[in-house]
Amino acid sequence: MDPKIALLLSSDISHWTVQDKTLLQTYIDRILSQQNNLHVQNNVLKKKDDRNKQMILLFETLHSINKLITTIENEKELIQRICDCLITIPHYSYACIILFDEGHITSMGSATTELQFSFFQSVDEKCLPFCVQKALKTENSIVIKNPIASCPSCPLAPFYSHQVGCAYRLEYNHTLYGILHVSAPIYTFEEDSNRFLFETVIKDISHALYQNHKSHSLQQTKQRYKALFEGSRDGFVMVNTNGKITDANNAYCSMLGYTLEELKSLPSFYELTPRSWHQWEREEIWNQRLLKKGESGIYEKQYIHKDGHCFPVQLQAYAVGTIPDHIDYLWATARDITEKKKTEIEIHRNLRRLHTIIDILQYPYKNLQDFLDYALNQSILLTESAIGYIYFYDEQSQEFQLNSWSNEVMKECTVIHPQTTYHLDKTGIWGEVVRQKKPIVVNDFQAPNPLKKGIPKGHVALRRFLTIPILHQGLIKAVVGVANKKEEYDATDTLELTLLMDAVWKTVESIRSEDALRESEANLRSYIENAPYGIFVVNEHGQYIDLNALASQITGYSKKQLLQMSIQDLVDPKDIRSGIQHFQQVVQTGYASGSILYKHQSKGPRWMNITATKLSPNRYLGFMYDVTDHKKNEEYIKLLSKMLDASPASITIHDEEGHFVYANEKTLTLHGYSTKKEFLKINLHQLDVPESEKKLQERFRMIAEHGEAQFEVEHYKKDGSQFPLDILAKRIVWNDQPAVLSIAVDSTKRKQIEEELQRYQVYLEDVVKQRTQELESLNQELESFAYSVAHDLRTPLRGLFGFSQILLEDYQQKLDIQGKEYLLKIQNSTTKMGQLIDDILVLSRASRRELNVERVDLSCIAKRILQGLQESNPSRKTQISIQSSMVAKGDSHLLHIALENMIGNAWKFTERKPITIITFGTIQNEYCPVPSKEYPGNQLVYFIEDNGVGFDMRYVDKLFLPFQRLHSNSDFSGTGIGLATVYRIIQRHHGTIWAHSKLGEGTTLFFTIL
């Protein structure tokens, strides 16, 4: 206080002069002015503090939203959770995300802090708030600073009268996915930092919706065609209803290390599965899915290799037969996913460790303690532990000083006066980390251990325990411990925690020393070099100024080469426009993501997924990974889609309510629709005519019971006309829901042909009936003619033979030699004529005789015929071979005639040989010297072979024709009817006969009897 004022206040007020009062008033005014200034400063500081808190909360919300984006796949759940996050920011009273597809609302999530306001979960597009409608039409985001004045009719206006209403477009690559409708404080859009963060949230949500939509579309497409097209690289196995393996492919055998016979010898497939999976697979997969539904869906389990090790597999099984009444067998595809699991785990761990390290290193700590507390919590999350601690350690005093305990420890710990300082000699197993200078892992803390010294009463119960030393310049600076992980700690946990805490401690040392920046950059560089994807930095001209080793590996160029190149040098000329647009986008907006075709140095064009962000006005950070195989899969799926569209049959898929979800081009052609979108809006009930609609439920029942069904229906075309369809329908799973796959063909032409055939069948029946009557009449005439031939022709022949014989006997003395020769010729001619008549009658009866089919012993018949021939000429030398037990089904009388003619010919044409050789036997057609092309290889063929004079094969076509003789009558007698008769008999037994011969070497007759 001013000494003058103090003296004045101590004096009597009655003695104050005017000057004294003026001095006092001036002092009071100055004090009041200082107080006012202080109040103003306090208000400014308070506002700054509020803004800082707002920024921190916005940062936290951004972090939460990014976490949701990376963890939630369901689109509806994602947008609802984002809305819930947004209203946690102070003064954000309402948030809503509306998703659109081609201008129509597909999904919506909303949240509000106003309990009295109820927002409908579905809304008509016409009732959307004004700002949302305007954002949709103008393609710009809308900010309304005075909602009550600008939108008085909006039902939301009263609830954020002191806030700003906005509708932000959620779009990516010029594609609109939805609108974010939110109420927020005015400074969100007036202050650059707040607006930047808010727009960052918008970009992240838009990109997430793009990735979700792309991933969802790709997943849907894969599921659609997976049931139709299956790769052959997977294992295939078949089992019976008792679970015993009946067949498996090579891939399956190789995967398990067994031969097929070894697999078949196993009691059941459960021998290949660890016992822990038996009950679940028996109850869930076998009983609930396969035996009831006919298919298991894709699921994962473990197999036991022949050498004893277990490995993960992915399976899909189907039941074949009538479900569930009669199942013939079951089959499944199996894929070894060991490498996939390892890769997934490794990638997850690498990304998790990298993100954890980056999060820790970029954490905006307040002080060293805040930084260590955050690092400890991240370490607990990284190792999936429940609790943890950090103790500083002094090697000179050999004392531990507690620095950080996890919050969960404090909740569970009931020690009244917890100790914070320990001497190394007083520590038990957790102090071994210092004594042994290496990590200590105990996965059964309750088991006896001589190193343990016990824990205080009320201490948190420990089940598993991992502790590591933190070393700096060869000295232990601290120890970190985590405990109570659900699974056992392994070497990966130790390595991850060591790497993480090593980075953390280097940062701690950096905070304490002048080289903090240098060490932090070195650590970050190490992590970037070990990142599981390529990382690069370019300048404003697109020239590479830095990159990690993986970026060099992905592109095929050395780091030195890349640092002399630019983005334009690497992008393939075919895709240079996309590459330039991608770079321009990140320059203009600060962010870009997409696939670009790069030139790999040795592999040629490769597709790279490039995500880039702006670091500074002239520095841009990019992440790249090769997606060529992924692109090929997408192209393959498109090819499959084209193949289905090229199918001549209509292919559709509809759900259990009849809503179509897929149709190929042939379906549109048959029904008269121009686009798939137009067709997919209709329902199966709209296509069925009334007669087919009545049977619809019966068709659904058949498909549900048997898994598939065939039926005929009639459908309406778009113009109202009707046409018939033949349909094969099968039960499938589509988008995780039961559905029906139908393959249909237009049966109009088939029905027309059937009607024509039916009319023609009636006509043919009449014709056949008429021809049968004519044939019966003709057979009667032939029978009468044969009788006349037998009777009328033989009578004059007998007269000629008899009179010529009388002349020879009675007038022998009166006839000269020439006359006698003439009479002998007449007798020979009449005998030959009689034989010819007999042969013709045999041929006629062989063609008309009714067959009496029975078992005929051809071997026995052949032996009797040859025995008779040998008795008639006992002086001939013979070598006969007849195969025993040649039994056929046929008419014994006709087959006797056939063999008599064939064997008789063989006997006749071998009479001039020194020794007659005749063989009768059988042979399979495929081993026949001259096989028949009419029969399969295993057809039984009979043959009769001789060593006679043979014949010229040029005339083989005449061999089985009546009256066609290949030898003169002077050489060999005969009528030329015998083999024609054989041919007719063999034909009547539904067989065929053919021959093979060489002049002078003999003949072989081949014939079949069916």
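# Reading contacts in a predicted model

Author: Start with one pair. Glu300 and Lys341 join their side chains in a salt bridge, 2.8 Å from N to O.

Reader: What is a salt bridge, and what are helices and strands here?

Author: A salt bridge puts a side-chain nitrogen of Lys or Arg within 4 Å of a carboxyl oxygen of Asp or Glu. Helices (H or I, at least four residues) and strands (E, at least two) are DSSP runs, numbered from the N terminus. This is a predicted model: local features need pLDDT of at least 70, side-chain atom pairs count only at pLDDT 80 or more, and totals for chains, interfaces and linings use all residues. Residues are numbered from 1 along each chain as its sequence is written, while side-chain values use heavy atoms, leaving out hydrogens and water.

Reader: How many salt bridges does the rule give?

Author: The count is 21.

Reader: How far apart are Asp502 and Lys506 in helix H15?

Author: First, the general idea. An α-helix has 3.6 residues a turn, so residues three or four places apart point the same way. Now the case. Asp502 and Lys506 are four residues apart in H15 (residues 491-512), about one helical turn. Their side chains meet in a salt bridge of 3.2 Å, N to O. Asp502 is partly exposed at 30%, and Lys506 is partly exposed at 31%.

Reader: Which residues are linked in a network of salt bridges?

Author: Glu712, Asp726, Arg750, Lys751 and Glu754 are. One of the pairs is Asp726 with Arg750, at 2.7 Å, N to O. Asp726 lies in strand E25 (residues 722-734) and Arg750 in helix H27 (residues 748-810), so the pair ties together parts 24 residues apart in sequence. Arg750 is partly exposed, at 26%.

Reader: What span should helix H12 have?

Author: The expected span of a helix is 1.5 Å times one less than its number of residues. H12 (residues 368-382) has 15 residues, so it should span 21 Å; its end C-alpha atoms are 21 Å apart, which agrees. Its buried residues include Phe371, Leu372, Leu376 and Ile380. Just after H12, Glu384 has a positive phi of about 60 degrees.

Reader: Where is there a nonpolar surface patch?

Author: Patch residues have over 30% relative accessible area and no salt bridge; like charges are joined within 9 Å, nonpolar side chains (Val, Leu, Ile, Met, Phe, Trp, Tyr) within 5 Å. Areas come from the Shrake-Rupley method with a 1.4 Å probe; for residues, only the protein chains shown count as cover. Tyr636, Leu639 and Met643 make a patch of about 300 Å². Tyr636 lies in helix H21 (residues 628-645). Tyr636 is partly exposed, at 45%.

Reader: How many disulfides does the structure hold?

Author: A disulfide is a covalent bond between the sulfur atoms of two cysteines. The cut-off is a pair of cysteine sulfur atoms within 2.5 Å. The structure holds zero.

Technical notes: Buried < 20%, exposed > 50% of the residue type's maximum accessible area, 1.4 Å probe, protein only.
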